[in-house]
Structures are given as C-alpha cells and as structure tokens.
Amino acid sequence: MNNFEYFNPVKVIFGAGEVKEIGIQGKAYGKKAMLVSYTDISFYGDLFDRIHSLLHEQNIKYVDFLEVTANPTLAQARKGIEICKAEGVDFVIGIGGGSAMDCAKVIAAGVEYKAGDIAKMIAFSHNDNSQIPPTEALPTIMIPTLPATGSEMNPTAVITDEVRVRKSYVWAPDCLYPKVAIIDPTLTTSLPSYQTACGGIDTIAHILESYFNGAGGNLDLQDRMQEGVIRTVLDNLPKVLANPNDIETRGVMQWAASIALNGWLLSGTYTWAPMHQMGHVLSARFNATHGATLATMILAWMRFFAKREDNTRYEQYAQRMYGKTLLDAADEFESLLKKIGVQSHISEFGVTQEELDTLTEDVVRVSFGEDSMLGSVPAITKEDVRKIYEIAL
Ligand SMILES: [Fe+2]
C-alpha cells in the first residue's frame, strides 16, 4: 500500500434516540448555533422542534438557515455566511444528507475565510494548484439523516459553483472535520425509497472509487475491508427498502456510509474519485441525484473496463463479489438497480447523444489535470470519458 497519514478526530455518538445529545454536545462549542438544513423540513416531523428545545435547555441560542437544496450552491453558502457573521454564530449544525452537511461546512469555513471569495476554496482537478483551501472554520456538529456521503466523519464538502456550472470539492483536513457526528438511525426511517437506494449506491461508489481506480501495491487488507462493506450494503439495501422502519438495518446502512469515507477503508490507496467527477457533471447539467449518477457511472465503468486489458482489479471485484465475469457482474448490478428503482442509464436523466460532447468537455474543463487526464489508475483520457458516457447512454 502507499504511505499514508491517518487522522480522524470526529467524536461519533451512534444509536437510536441519540439526537437527544445535541444540546449537551453543542454546549462545548459556544452559545449560539446556526442550524443548516433544507428549504422543506416538513419531512422531518417534529425533529427541528426537538432540536430547538434541546438547545434551549442548554441555554444555546440558535438561528435556522433552511435554504439548502440538492446540489447546494456557493450562493446559498454565501447567504449563510452573512447571517452567521451578522448573528454572531459560534458553531454550525448540519442536519440532513450530504447537501445540508456540506453546505454547513462551507458556511463554517466561509465565516473564517480570508483569501477572498469562497469560490477559491474549491479544487477542480487532481493537480489543481490554484485553489486556496480554508485553514480555519467554525466548529461543526453533524446530524446525518441520509446514509450516503459520510460527510459527518470527513473533511470534505461538495459544492456547486452555479455561475460557472461546476460542481467539485472543498477538502480541508486542517479545519473541516466535524467536532461531533450524532448518527441516529431513527432519523432515517422516514426517508423515501429512492433517496435510501441512491444513498446506498453512493456508499458503494465511495469504496469502488478506490477499489477500481486505486493503486499502491499490496492492498489485500483494504480490498477485504472494502468488499465486506460493499457486500453489507448490497445485502442490506433491499432489506431496508422492504422494511423502512427496521432501525437495526437503518443503523447498519448509516454506519457503513460513515466508515466508507472516514479514511479507514481508503488509507494507502489512490482515490481521486473519477466516477464522482463524471457524475458531478451530470448533476450540474441535469440536476440528477448524486447516487443515481454514480449508479450509471459504476455500471458504465464496469462495461468499459471489460474491454480493456488493464482491468485486473475489476475482474477481481467481479469474481469475489459476484463469482462472475466482469460483464456478467455488470448485468447483475444493473438488475439490482432496476429492482431498487435507481436509474442505470444517463438517458433517464434526459441526456441525449448530442450532449455527450458537452458533457465530455465539462469533465475536461472541470476535472482534468495538466497531464490532460482524469485522475485515476489507469488514467482516463478525454476519449475514454466520451466512451464511458456513450456506454452509459
Ligand atoms: Fe458521493
């Protein structure tokens, strides 16, 4: 495996009902909180009333910032930053899926950002040296309600620059790790089936980015851990869709999402996440759901590499996970997608043949490095990107 540093300072409080801890945990980080979540929170029932009461009990004042949408934008974050500054907010609580948690992180970092506009925080390629990552941020507490991004345990935020139609990452281990993650599976029981399914696929994709496109010598340990978590998600996803109130299984899905991207499984591997880069372009252009874009990319990636010689890790995955060839494993994965109601082809987002060149140019513009490649092992060229989108159509 590659040399690596491992660091993860996030305090995890896991279990049914543990959201009750929010006031006690928050008290350590100040007297005024901003709650960051979606424009429509009716879906959460009385959750926000409960959180308000728990904060109030600990004499923590709060301001709600309920303006986050799917694929959150810099404009949303800028507004949150202004309110934080005006209100004298001490810490930020992200409540929701990746969009809410990531927007909360960008707001927390934006309050302390001194390098100019927050658009400068975003990294767009594997050798992009123009970004200026944040070095300080307000403390954050995350309450994930959608098992998917693992944002509650990592120092990454995905955000869209809506003016330039670019969606990419802010990555800042110096300041963006949340202080506390309260992972309460009871908060996920009301998730619609489609979001649950897309979240599971996102978890799988986070691991597969490393498994398919990783490098670093002897990865036996990482491979086996990764296979174990992917198998767990593949087996438990249909169970939780069949029985949405199964708290135990909801908990398994949540913890799987957290550990998929908290550094344990990916240590010592190369993980620039090329499938995510190509998926982000689909989200930015077609507002497609993140996990669904990844479903289409995983499938196309498997079929693309089935025709290449340098596909040892893909074949290993197909054999170990499915006991099949890569093409047959891809077919089985597609059957699962159909069963769980997640798109398997990008035409289902509205993409047509005529748009493949635009999508390809977007990936080149947003994510290609100076080496004219998409960060990956083996490297993905512009022609490869076009072919993969074509297969995905
Ligand atoms: Fe993701």
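1. Overall make-up. The protein chain has 13 helices and eight strands. Its radius of gyration is 20 Å, close to the 21 Å that the globule rule gives for 393 residues, so the chain is as compact as a globular protein of that length. Note that this is a predicted model. The C-alpha atoms fill a box of roughly 60 × 45 × 40 Å along the principal axes.

2. Of the 393 residues in the protein chain, 50% are buried. Taking contacts between residues at least 6 apart, 81% join residues at least 24 apart.

3. Strand 5 and its partners. On one side, strand 4 (residues 91–96) runs parallel to strand 5 (residues 140–144), and five bridges join them. V92 stands opposite T140 of strand 5. G96 stands opposite P144 of strand 5. Strand 5 also pairs with strand 8 (residues 180–183), again in the parallel sense, over two bridges. There, M142 has A181 of strand 8 as its bridge partner.

4. Burial of strand 5. Is strand 5 largely enclosed or left open by the rest of the structure? Five of its five residues are buried, so strand 5 is largely enclosed. In a regular strand the side chains alternate between the two faces of the sheet. Here T140, M142 and P144 point one way from strand 5. I141 and I143 point the other way. Residues on both sides are buried.

5. Helix 9 against helix 13. The axes of helix 9 (290–306) and helix 13 (382–392) come within 8 Å and cross at roughly 110 degrees. An angle from 65 to 115 degrees counts as roughly perpendicular, so helix 9 is roughly perpendicular to helix 13. The crossing is right-handed. Which residues meet here? Helix 9 brings T296, M297, A300, W301, R303 and F304. Helix 13 brings K387, I388, I391 and A392.

6. Q277 is found in helix 8, which spans 274–286. Q277 has 27 C-beta neighbours inside 10 Å; the cut-off for buried is 20 or more, so Q277 counts as buried. Leaving out residues up to four places away in sequence, Q277 touches V363, S367 and L374.

7. N287, positive phi. N287 is in the loop between helix 8 (274–286) and helix 9 (290–306). Its phi is near 50 degrees, a positive value in a residue other than glycine. Is N287 buried, exposed or partly exposed? With 13 C-beta neighbours inside 10 Å, N287 counts as partly exposed.

8. S372, positive phi. S372 lies in the loop between helix 12 and helix 13. Phi of S372 is near 60 degrees, which is positive in a residue other than glycine. S372 has 10 C-beta neighbours inside 10 Å; a residue with 12 or fewer is exposed, so S372 counts as exposed.

9. A cis peptide bond. V377 and P378 are joined by a cis peptide bond, with omega about -5 degrees. P378 is found in the loop between helix 12 (356–367) and helix 13 (382–392). S372 also has its place in the loop between these two helices.

Methods. Residues numbered from 1 in each chain as written. Predicted model: local features only at pLDDT ≥ 70, side-chain atom pairs only at ≥ 80, totals over all residues. Helix = DSSP H or I, 4+ residues; strand = E, 2+ residues; numbered from the N terminus. Rg over C-alpha atoms; globule rule 2.2 N^0.38 Å. Contact = placed C-beta atoms within 7 Å. Pairing = 2+ DSSP bridges. Axes fitted to C-alpha atoms, helices over the stretch in contact; angles between N-to-C directions. Parallel < 35°, antiparallel > 145°, perpendicular 65-115°, else oblique. Left-handed = near helix turned anticlockwise from the far one by under 90°.
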